[in-house]
Amino acid sequence: MADTFGAVQNGRATVGGRFYAVPATNVAANAIFMPAYSTSPLFGVAEYPVNSGELGAFATDGVFVFDKPAGWTDAAGKPVYWSPTSAVTGSFAATASSGDVLLGYQITANIPANKLGIYLAKPTALES
């Protein structure tokens with residue numbers, strides 16, 4: 001199945017809190033995936049490992065837990081940004097820089113101290 005992400009088409013872009021895509025590289029479970037990271041703010045979290053060339057499901061809403069970056073200061077409701085370097089790599093940021101995307105907002109209830117809980121936000125325009 002060919003990946004048609006970004007192709008002109010009619011219809012729904014996300015379904016039931018997720019989108020489906022065929023990534024060009026492997027995507028680990030719980031990894032942030034941005035199919036068109038330099039031109040579109042659409043992102044999702046891989047619900048399971050997705051191999052290159054295979055159809056995968058990527059969640060666009062919900063609460064997800066990630067390893068906390070070094071030096072992160074916790075604050076409930078704090079905006080969490082993603083600085084993408086490819087469709088499957090990037091880093092978390094507490095303040096937006098050019099090209100960063102708002103992932104969502106930090107939650108602290110029932111999250112271990114070494115983890116970062118994020119309530120995903122709906123995709124917005126790329127920050128500039």
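**Strands and rings: a quick tour**

Okay, let's start with a strand pair: β1 and β4, the latter being residues 56–59, run antiparallel and are joined over four bridges. Keep in mind that this is a predicted model. Within that pair, F19 sits opposite F58 of β4.

Now look at the two sides of β1, residues 18–21. F19 and A21 are on its covered face, while R18 and Y20 are on the uncovered one.

Next up, the open sheet. It has five strands in the order β5-β9-β8-β6-β7, and the pairing is antiparallel. At the edges you find β5 (63–67) and β7 (90–93), each pairing on one side only. From one strand to the next, the twist averages 40°. Inside this sheet, β8 (residues 101–107) and β9 (residues 115–120) are antiparallel and share four bridges.

How many aromatic pairs does the structure hold? Five. One of them is F66 with F92, a tilted pair at 5.3 Å centre to centre, with 55° between the planes. F66 belongs to β5 and F92 to β7, so this pair links distant parts of the chain, 26 residues apart. Both F66 and F92 are buried.

One last thing to find: K78 lies over the face of W72, 4.4 Å from the ring centre.

How values were computed. Residues are numbered from 1 along each chain as its sequence is written. This is a predicted model: local features need pLDDT of at least 70, side-chain atom pairs count only at pLDDT 80 or more; totals for chains, interfaces and linings use all residues. Side-chain values use heavy atoms; hydrogens and water are left out. Two strands pair if DSSP finds at least two bridges between them. Axes are lines fitted to C-alpha atoms, for helices over the stretch in contact, and angles run from 0 to 180 degrees between N-to-C directions. Buried means under 20% relative accessible area, exposed over 50%, partly exposed in between (1.4 Å probe, protein chains only). Rings of Phe, Tyr and Trp (its six-membered ring) pair if their centres lie within 6.5 Å; planes under 30 degrees apart count as stacked, over 60 as edge-to-face and the rest as tilted. A charge sits over a ring if NZ of Lys or CZ of Arg is within 6 Å of the ring centre and within 35 degrees of the ring normal.
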